[in-house]
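Please look over the sequence and the model below before reading on. The paragraphs that follow go from single helices to the contact between the chains.

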Amino acid sequence: MTNRIVTGAHYGLRDWLAQRITAVVMAVYSVIAVIVLLTSKPITYGVWRDLFAQGWMRVATLLFMASLAWHAWVGVRDILMDYIKPAGLRLALEVLVLLTIAAYAGWTIQILWR
Amino acid sequence: MSEAAVKTVRKPRPKYLNLQALIFEIRLPLPGWVSILHRISGALLFVALLWLLWMLDRSLSSEAAFDRIKHYAGLWPVKLSLLGLVWAYCHHFCAGIRYLFLDLDKGVDLETARLTSWVVLGASIILTAFLGLKIW
């Protein structure tokens with residue numbers, strides 16, 4: 001009998017690479033966001049609203065959130081695989097994390113295109 | 001070597017980990033600290049995203065709500081928490097860049113790894129102080 005571990009298969013390298021690519025996407029966004037915010041002081045409601053009204057900012061922020069979703073999924077799943085041994089509990093927590101990430105992403109779209 | 005001498009040298013094994021051992025006995029090497037802080041800051045940011053998205057949502061909803069969030073962010077417990085999250089982001093960012101270089105086999109020797117660990121810890125604190133000063 002094969003003693004299989006409940007983790008799935010064939011996603012290791014893909015997710016390892018995805019975590020790094022999404023990290024670079026978020027790093028680039030972060031640097032641009034910090035420069036934009038530091039050069040447009042003082043930040044009033046008008047400045048803030050106009051910034052997020054621009055198409056490029058909405059798309060860039062959405063790409064940031066999409067990257068974050070995948071990046072955080074790989075990272076949090078790594079933590080759960082390291083510390084939560086019972087497979088049932090780990091699966092339940094993984095589902096909870098996935099639902100949270102989906103909710104974060106949905107909320108972000110709602111905030112950006114209200 | 002006699003049997004008695006061997007016995008005195010040997011440490012009791014296996015060693016079971018308890019809270020006391022984790023806190024007082026295990027000494028993490030510097031790159032180990034960068035690593036565990038990378039993990040803690042990542043987990044913290046994931047949980048705190050709920051709060052950050054709520055603030056973004058409110059701040060973009062109306063001018064009155066924006067002013068309320070601005071006032072809220074100025075309260076010292078909120079300010080302190082935000083500063084903590086700024087540090088978490090900066091640390092995760094700096095340590096992440098270090099890991100990208102390690103993945104490319106750059107800086108994997110012990111001496112360089114220790115040096116870059118110091119750089120990551122120092123840079124994230126300096127960045128946090130800089131951003132903190134700029135924001136407030």
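How many residues does helix 3 of chain A have, and how far does this helix reach from its first C-alpha to its last? In this predicted model, helix 3 of chain A has 29 residues and reaches 42 Å between those two atoms, which is close to the 42 Å expected at 1.5 Å a residue. Its buried residues are Met65(A), Ser67(A), Leu68(A), His71(A), Ala72(A), Trp73(A), Gly75(A) and Val76(A), and they pack against helix 1 and helix 4 of chain A together with helix 3 of chain B.

Helix 1 of chain A can be examined in the same manner. Its 28 residues should span 40 Å at 1.5 Å a residue, and because its end C-alpha atoms are 41 Å apart, the two values agree. The buried residues here are Thr22(A), Ala23(A) and Met26(A), and the buried residues of helix 1 of chain A pack against helix 3 of chain A together with helix 5 (76-103) of chain B.

One pair of helices across the two chains deserves a separate description. Helix 4 (residues 87-112) of chain A and helix 3 (residues 30-61) of chain B pack at an angle of about 15 degrees, with their axes 10 Å apart. Since angles under 35 degrees count as roughly parallel, these two helices are therefore roughly parallel to each other, and their crossing is left-handed. Helix 4 of chain A contributes Tyr104(A), Trp107(A), Thr108(A) and Ile111(A) to the contact, while helix 3 of chain B contributes Leu49(B), Leu53(B), Leu56(B), Asp57(B) and Leu60(B); by class, the contact has seven nonpolar, one polar and one charged residues.

Within chain B, Leu115(B) lies in helix 6 (residues 110-135). Leu115(B) counts as partly exposed because it has 13 C-beta neighbours inside 10 Å. Although Leu115(B) and Pro31(B) are 84 residues apart in sequence, they are 9.2 Å apart in space, C-alpha to C-alpha.

How values were computed: Residues numbered from 1 in each chain as written. Chains lettered and ligands numbered in written order. Predicted model: local features only at pLDDT ≥ 70, side-chain atom pairs only at ≥ 80, totals over all residues. Axes fitted to C-alpha atoms, helices over the stretch in contact; angles between N-to-C directions. Helix = DSSP H or I, 4+ residues; strand = E, 2+ residues; numbered from the N terminus. Parallel < 35°, antiparallel > 145°, perpendicular 65-115°, else oblique. Left-handed = near helix turned anticlockwise from the far one by under 90°. Contact = placed C-beta atoms within 7 Å. Nonpolar A, V, L, I, M, F, W, Y, C, P; charged D, E, K, R; others polar. Buried ≥ 20, exposed ≤ 12 C-beta atoms within 10 Å, placed from the backbone. Expected span 1.5 Å × (residues − 1).
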